[in-house]
Amino acid sequence: MDSSAIDIFNILIIAFGAYIIYAAIILKKDGKISKSLMLSPGANDSTIKNKDGFIKLMFPRTVILGIVVTLSGCWDIVFPQLAGNGWIELTIILVFMLILVLYIRDIKKAGKVFGEQK
């Protein structure tokens, strides 16, 4: 694959990670819940009964997800000499997937604990 295509893909991943961190900051600062990022499909923020508890649970998890996504995008750019190393790339993908699965689990948990589930 062309290195410029990899760089564009990585830049998009970094931008998405930055958006996740931004959404976490807005959650903490303004109490605004990003529906597409922090709620199960079909749910909305008006169903959250305990917004403070929801923020307390989801803020650190969302920051961690944002950091992991950003670092995943930065990896090939920051360490180009290690890019393409199968074991390192596999480890990064596995850590990324683990954090993503745990985050999705926490979204469902937050919906059950702090809101009404359908």
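The following legends describe close-up views of a predicted model.

Residues are numbered from 1 along each chain as its sequence is written, and side-chain values use heavy atoms, with hydrogens and water left out. Because the model is predicted, local features need pLDDT of at least 70 and side-chain atom pairs count only at pLDDT 80 or more, whereas totals for chains, interfaces and linings use all residues.

**View 1. Overall arrangement of the protein.** The secondary structure comes to four helices and zero strands, and the pattern along the sequence reads α-α-α-α. Helices (H or I, at least four residues) and strands (E, at least two) are DSSP runs, numbered from the N terminus. Of the 118 residues, 31% count as buried; buried means under 20% relative accessible area, exposed over 50%, and partly exposed in between (1.4 Å probe, protein chains only). Among contacts between residues at least 6 apart in sequence, 68% join residues at least 24 apart, a contact being heavy atoms within 4.5 Å.

**View 2. The largest nonpolar core.** A nonpolar core is a set of buried Ala, Val, Leu, Ile, Met, Phe, Trp, Tyr and Cys residues joined through side-chain atoms within 4.5 Å. The largest such core has 19 residues, and those with the most contacts inside it are Leu 27, Ile 33, Met 38, Phe 54, Met 58 and Tyr 103. Helix 1, helix 2, helix 3 and helix 4 each give two or more residues to this core, and helix 3 supplies the largest share, six residues. With neighbours within four places in sequence left aside, Met 58 is in contact with Leu 27, Tyr 103, Asp 106, Ile 107 and Ala 110.

**View 3. Helix 4 and its buried residues.** The 29 residues of helix 4 should span 42 Å at 1.5 Å a residue, and the end C-alpha atoms are 41 Å apart, which agrees. The expected span is 1.5 Å times one less than the number of residues. Tyr 103, Asp 106, Ile 107, Ala 110, Gly 111 and Phe 114 are buried in helix 4, and what covers the buried residues of this helix includes helix 2 and helix 3.

**View 4. Surroundings of Tyr 103.** Tyr 103 lies in helix 4 and counts as buried because its relative accessibility is 4%. Leaving aside neighbours within four places in sequence, Tyr 103 is in contact with Leu 37, Met 38, Met 58, Arg 61, Thr 62 and Leu 65. Tyr 103 and Arg 61 are 42 residues apart in sequence, yet 6.7 Å apart in space, C-alpha to C-alpha.

**View 5. The second largest pocket.** On a 1 Å grid over the protein atoms alone, a pocket is an open set of points where a 1.4 Å probe fits, with protein on both sides within 12 Å along at least five of seven lines; lining residues have an atom within 4 Å of a point. The second largest pocket has a volume of about 210 Å³, the volume being the space filled by probe spheres set on the points, which are joined across faces, edges and corners. Its lining has 15 residues, of which Leu 37, Leu 100, Tyr 103, Ile 104 and Ile 107 lie nearest the centre. Two or more lining residues come from each of helix 1 (3-30), helix 2 (35-38), helix 3 (51-78) and helix 4 (86-114), and the largest share, six residues, comes from helix 4. The lining divides into 12 nonpolar, two polar and one charged residue. Here Ala, Val, Leu, Ile, Met, Phe, Trp, Tyr, Cys and Pro count as nonpolar, Asp, Glu, Lys and Arg as charged, and the others, Gly among them, as polar.

**View 6. Ser 34 in a loop.** Ser 34 is found in the loop between helix 1 and helix 2 and counts as buried, since its relative accessibility is 12%. Apart from neighbours within four places in sequence, Ser 34 is in contact with Tyr 19, Ala 23 and Leu 39.

View 7. Phe 59 is found in helix 3 and is partly exposed, with a relative accessible area of 23%. Beyond neighbours within four places in sequence, Phe 59 is in contact with Ala 24, Ile 25, Leu 27 and Lys 28. Ser 72 also has its place in helix 3, but counts as buried at 17% relative accessibility. Leaving aside neighbours within four places in sequence, Ser 72 is in contact with Ile 13, Ile 92 and Phe 96.
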